[in-house]
Amino acid sequence: MKITRRMWGMAAGAMLALNLGLPAQAAEEAPDALVKRVSADVLETIKKDASLRNGDSSKINALVNEKVMPYVDFRRMTSAAVGPAWRQATPEQRQKLQDEFKALLIRTYAGALSQVGDQTITVRPVRMAAGDTDVLVRTQVNGRGDPVQLDFRLEKQATGWKLYNFNVLGVWLVETYRNQFAQEINANGIDGLIKTLASRSSMPATATK
């Protein structure tokens with residue numbers, strides 16, 4: 001199944017739901033409760049901000065850096081997407097990979113946020129045992145058209161729950177990019193992947209209806 005920019009836009013909106021609580025609250029709150037409490041507020045923020053919906057990349061970048069990244073284990077997300085080659089990458093290459101991967105995702109969100117309209121998110125309760133530190137939070141995005149299944153993988157760290165992967169309609173982001181990245185790395189190495197990511201993230205973002 002092809003994942004459209006609209007679906008990724010919904011994923012972006014739901015990812016933003018992880019940022020609005022205070023850090024102390026996030027550390028104490030159950031992961032499903034955290035997502036449920038803040039997701040509605042985030043969608044309202046997107047709906048009311050025309051510059052976000054119009055794909056203002058500088059504003060989206062600032063929003064991600066300020067509010068999303070503190071609640072995402074982006075190093076883990078990037079290393080998992082790069083796969084075994086991450087271990088051979090230099091510290092400079094790793095930083096470039098993170099920067100370009102983030103820029104690519106932001107470009108994807110920029111092209112999709114214009115599709116955010118009357119969506120709401122339903123969060124399913126998570127069954128957790130004492131001491132669980134890795135959970136799957138299942139949600140459903142409801143709005144125009146068919147519901148979109150959106151699931152999050154979160155790990156509890158010293159500073160609270162951190163997102164490290166998510167899936168849209170059964171397609172996991174990290175695994176999807178891992179396959180693409182592996183082909184590029186096999187053909188052109190780590191530097192080739194960095195160059196490809198930079199070229200893709202610099203392309204104009206266009207919304208897909």
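Which side chains meet in a salt bridge at 3.0 Å, N to O? Select Arg 138 and Asp 151. A salt bridge here is a side-chain nitrogen of Lys or Arg within 4 Å of a carboxyl oxygen of Asp or Glu. Arg 138 lies in strand β2 and Asp 151 in strand β3, so the pair ties together parts that are 13 residues apart in sequence. Strands are DSSP runs of E, at least two residues, and helices are runs of H or I, at least four, numbered from the N terminus. Asp 151 is buried at 3% relative accessible area, while Arg 138 is partly exposed at 37% (buried is under 20%, exposed over 50%, partly exposed in between; 1.4 Å probe, protein chains only).

A word on the source: this is a predicted model, with local features needing pLDDT of at least 70 and side-chain atom pairs pLDDT 80 or more, whereas totals for chains, interfaces and linings use all residues. Residues are numbered from 1 along each chain as its sequence is written, and side-chain values use heavy atoms, leaving out hydrogens and water.

Next, pick Arg 153 and Asp 134, another salt bridge, at 3.3 Å from N to O. Arg 153 sits in strand β3 (residues 148-157) and Asp 134 in strand β2 (residues 134-142).

Now jump to Glu 92 and Lys 96, whose closest N and O atoms are 3.5 Å apart in a salt bridge. They are four residues apart in helix α7, about one helical turn.

Last stop: Asp 49, in the loop between α3 (31-48) and α4 (50-53). Asp 49 is buried, at 16%.
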